[in-house]
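Please keep the sequence and the structure in view while reading.

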Amino acid sequence: MHLNIPFVDLHAQYLSIKNEIDEAIASVIAESAFVRGARVEQFEAAWAKTLGVNHCISCANGTDALYMAMRALDLKPGDEVITTAHSWISTSESITQAGGRVVFCDTDFDTFTIDASEIEAKVTPRTVGIIPVHLYGQPADMDPIMEIARARKLWVIEDCAQAHLARYKGRIVGTFGTAATFSFYPGKNLGAYGDAGAVVTNDDRLADWIGTFRMSWR
């Protein structure tokens, strides 16, 4: 017997909170609050508070979040960024889009995240940052990653697109690095009705730059 079991049943999710969703969407339409507005600002504040960070800057999707974070960190042509060989293409393509050079690192056998023991060998004089990806809700091994970053004076952007509220040694992912990015694609752990993303950081300067760039980049 063949069973058709949907991988993600967003309609079932909708039915479980239908009245709340319908009311929220109707109010957005009634107020013509289609871009940003009070509800987006409320979400930014709530998500920052949930993670325990100072800033959440929302954007169109998780890919844009990665790109903006790297632009804010002044990634220059030829700069090398180390990241995992196992991730959705947005991680590596955003490095290229921002002008950098992707340096792939192998993955850990048990977690499928970046193998922290192999990062040091990938560092060169052109290396400026590391992008670990927390995948399938599994956090990357952040202690050795941050130790290498501090020793080598590298920035770290955590790609949390598939690990909302995952914890590493009791601490929520997205709170270790210089910045972290999230995707709220409908099928993600925390999904929007449509596509969405965000950058979170405790760095006031980065938050200000990304917030300005977000409004001017079209």
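**Aromatic contacts and pockets**

Phenylalanine 184 has a relative accessible area of 4%, so this residue is buried (under 20%; exposed is over 50% and partly exposed lies in between, with a 1.4 Å probe and protein chains only). The model is predicted: local features need pLDDT of at least 70, side-chain atom pairs count only at pLDDT 80 or more, and totals for chains, interfaces and linings use all residues. Residues are numbered from 1 along each chain as its sequence is written, and side-chain values use heavy atoms, with hydrogens and water left out.

**Aromatic pairs**

- The structure holds 9 aromatic pairs (rings of Phe, Tyr and Trp, the last by its six-membered ring, with centres within 6.5 Å; stacked under 30 degrees between planes, edge-to-face over 60, tilted for the rest).
- Phenylalanine 43 and tryptophan 47 form a stacked pair, because their ring centres are 6.3 Å apart and their planes meet at 10°.
- Both phenylalanine 43 and tryptophan 47 belong to helix α3, 4 residues apart, or about one turn of the helix (helices are DSSP runs of H or I with at least four residues, strands are runs of E with at least two, and both are numbered from the N terminus).
- Phenylalanine 43 is partly exposed at 30% relative accessibility, whereas tryptophan 47 is buried at 5%.
- Tryptophan 47 also pairs edge-to-face with phenylalanine 184, at 5.9 Å centre to centre and 85° between the planes.
- Since tryptophan 47 lies in helix α3 and phenylalanine 184 in the loop between β8 and β9 (197-201), this pair ties together parts 137 residues apart in sequence.
- Ring pairs join Phe43, Trp47, Phe182 and Phe184 into a cluster.

**Largest pocket**

- The largest pocket has a volume of about 1300 Å³ (a pocket is an open set of points on a 1 Å grid over the protein atoms alone, where a 1.4 Å probe fits, with protein on both sides within 12 Å along at least five of seven lines; lining residues have an atom within 4 Å of a point).
- Its lining has 39 residues, of which Val40, Ala192, Tyr193, Asp195 and Ala196 are the closest to the centre.
- Helix α3 gives the largest share of this lining, 5 residues.

**Second largest pocket**

- The second largest pocket holds about 270 Å³ of space.
- Among its 19 lining residues, Trp88, Ser90, Ala161, Ser183 and Lys188 are the closest to the centre.
- At least two lining residues come from each of α4, α5 (90-97) and β8 (179-183).

Key
Points joined across faces, edges and corners; volume = space filled by probe spheres on them.
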